[in-house]
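Please look at the structure below and follow its chain from part to part.

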There are 2 protein chains.
Amino acid sequence: MTPRLTIALDAMGGDHAPDMVLAGAEIARQRHPDVEFLVFGDEQRLLPLLGKREGLKAVAQVHHTTDVVSSHAKPSVALRGGRRSSMRLAIDAVSDGRAGVVVSAGNTGALMAMAKMVLKTLPGIDRPAIASYFPTLRGETVMLDLGANLECDDENLVQFAIMGAVFARTVLGVLEPTVGLLNVGSEDQKGHESIRTAAAKLRGTALPFKFHGFVEGNDITAGTVDVVVTDGFTGNVALKTAEGMARLYTEFLRRTFRSSLIAKLGYLLAKPAFKKLKTRTDPRRYNGAMLLGLRGVCVKSHGGTDAFGFANAICVAIDLAAREFNDRIKEELQRLGAQQAPDTQAAAI
Amino acid sequence: MTPRLTIALDAMGGDHAPDMVLAGAEIARQRHPDVEFLVFGDEQRLLPLLGKREGLKAVAQVHHTTDVVSSHAKPSVALRGGRRSSMRLAIDAVSDGRAGVVVSAGNTGALMAMAKMVLKTLPGIDRPAIASYFPTLRGETVMLDLGANLECDDENLVQFAIMGAVFARTVLGVLEPTVGLLNVGSEDQKGHESIRTAAAKLRGTALPFKFHGFVEGNDITAGTVDVVVTDGFTGNVALKTAEGMARLYTEFLRRTFRSSLIAKLGYLLAKPAFKKLKTRTDPRRYNGAMLLGLRGVCVKSHGGTDAFGFANAICVAIDLAAREFNDRIKEELQRLGAQQAPDTQAAAI
C-alpha cells in the first residue's frame, strides 16, 4: 500500500477563500479518498466550515494563523513580512516533509518567490517556471513559462524545454513528446537572440524528446507540438489573450442564439451538445498551474475560481505527486549532465 | 471635386497572386469607383487577367517587371536584390508621388524594410509599426506593433501610443481614445523596464488621448481600451494566438453540431444567425495591416487571403488616405513637440 498523500492547503488565498478552498478540498477528497490535508489559515473561520463537512474534517488538520499574503503584495514584501502567513506555512509543510504537495489560490508572485526560497530549485534548474495545459485541436498541449520569469535567457528556455518534455511524458503519457519554441516565424533567423541560441542548443543536444523548432501563436491551440516553451512575459500575454478570445466567442455565440426566435429554438435542440462543449472548454477544467523545477510540488490555482476549479488544482497536484514528476525530472537532468560532460571535454581538447 | 486616388499594387505578392490581387482590385473599384490603379508585375500574366475585367482595365495601368520578392527572402536580401521587384516599384510609385497608397500581400519583413528605406519615417517617429483591428465585445480595438519591431524601447512605445491614438480618432472616429500598454498585470511595478518607463512618460505628458495604464491579454478582446500598445514580438504572438483560438472554437462548434441528429437540426434552424456570426468574425474582414509612421500610406495584406480579403486591405488604404491620417499624425507630433519644448527649457534652468 502506498503511503497516503498529505496536501498542504493555503486556506486563505483566493477571492472566495476560505469557503471555496474547503469546498474544493471536499470535492478532491471524494475523487481521491486516500489523501489527507493540512489546512493553514484562520481557525475561527475554518472550524465552522469544516464542521459542515464531516468527511473532510476527518482527514483535515487545521493549523491556525491569521496572517495572509494580500493579493496585491509585492513578492519581496511578502517574502520579508509573510513568514507566518497561511501561504508560507503551507509551503514550509512541504519543505519539512509533513506534506507532499502544496496548493494555493493566492498571490502568484508571492507564491513563486516563497516556494523558490523555501523549497529551492532542482539541481540543474536555475529558475522554476509556471506551466499549464491548453486545449487544442488534437488533445492537450502544455505551455511554460506563463509568468514566473519575465525575462529568460537561452539556458532558462532550454531547461523549460526539458521540464516540459518530462511533464508531457510522465503526466500526459506522451511517449516521444515534441517541443517547440514560441516565436514570430518558423525561419531560423527570426526572433530574439535568446530564442535563436536556445534553438541552436536544443538542435545540438541528444534529447529524450523531439525538438520541433519554432512555433507561432496559432500553433498553441492547433496542437502542433506537445510542449510550447516561451518566456514568462510572452506566455502570460498569450494565455490571457486566448482566455479573452474564448470569452469573446462565447458572447458572440450567446448573441447569435438570441438574435431570433428560430435561432433560440435551434439552441434548445442543440443544447445537450452545447453542454458537452461547455464542459470541454470550461476554464475550471484547466485550473491548476504547476510551478515546475522546485524540490517539491507546488500548484497555483486561479484566484477567482470556485470550489470545482480549486478541486481540479488539487487533483493536478495529486497527479504530479503520483507520477513522481520531480524524480523523473532529476533523472533526466542527471542523464543529460552525464551525456554532456564528455562532449564538453572533447570540445576543450 | 477631390482628385482621384491612385493605388499602387504589388501584383505578385501573396500565395494566390496575381489573380487574387486583380480580383480584389475589381471588388475595391466597385466599392470606390473614384480610384485608379498602378499595377506592378509580370504583364504576360497580368494582361490576360485584366482582359477579363473591362471595368478594372479602364482604370489600371500595368508596369511590367518579372522580379518578385520571395516570401521567405530575408529583408536585407530583398533590400539589396529587389530593386526591380514588383513590391519595390509599387513603393517607389508612392515615394515619387505617382500613387497615394501602396498595397502588398508579399513578404512582411521585406515590405517593412523597403517602405522604411524608400518612404522614410515621419518626423518624430523613429520606427514604423504594424497596426491592425481586433474585434472586441464593444466595437473595435486597434493594436500595434504586430511584428515590425521585435524589440522596442520606451520611446518607441510612446510613439506607437501617439500613432495609435491618432488612428483611433481619425479613422475609427473615437473622440477621446483610451490607450493601454500591454503587460502581465495592472500594477505599476509589473513588466519589463521599457514598459514601465513608457508608462511613466505617458503619465507625465499632456496628451490628446487618455492613457489608461497597463492592460493584460484578456483586455484586447474585452475592448478595455481603444488602442493596445506593445512591442512587435508580443503583439505578433498575441495576434496569432487569438487567431488560433478562433479556429479552435470554430472547430469545436462544428463538432458540437455534428454530434447528434437533433444538434444538426438545431444548427439548421440557427443557420441564418450563424451566417451573421461568421460574417462578423470573418478574418478577411480584418485583413489589411497598416504600416504606421511612414511618409506614405502602406498596407500589408495577409499572404494567404483571397480576393475579398485583398479588397478589404485596399479599402483600409483608401480609408487612411481619405482621413489624411499622416497629416493628422504630423500635426499631433508637432503640437506635442511645441508643448514639450518649454518644459525641457524649464527643466534645464
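How far apart do the C-alpha centres of domain 1 of chain A and domain 2 of chain A lie? They lie 24 Å apart. The model is predicted: local features need pLDDT of at least 70, side-chain atom pairs count only at pLDDT 80 or more, and totals for chains, interfaces and linings use all residues. Residues are numbered from 1 along each chain as its sequence is written, while chains are lettered from A and ligands numbered from 1 in the order in which they are written.

In chain A, domain 1 covers 1-125 + 293-349 and domain 2 covers 131-285; these bounds come from an automatic or database domain assignment. Where the two domains touch, domain 1 of chain A contributes 19 residues and domain 2 of chain A contributes 13 residues. Two residues are in contact if their C-beta atoms, placed from the backbone, lie within 7 Å. On the side of domain 1 of chain A that touches domain 2 of chain A, α6 (108-119), α12 (307-322) and α13 (325-348) of chain A each supply at least two residues. Of the elements there, α13(A) gives the most, with seven residues. Helices (H or I, at least four residues) and strands (E, at least two) are DSSP runs, numbered from the N terminus.

The second contact joins the chains, with 56 residues from chain A and 56 residues from chain B. On the side of chain A that touches chain B, β5 (129-136), α9 (217-222), α10 (232-257) and α11 (261-281) of chain A each supply at least two residues. Here α10(A) gives the most, with 20 residues.
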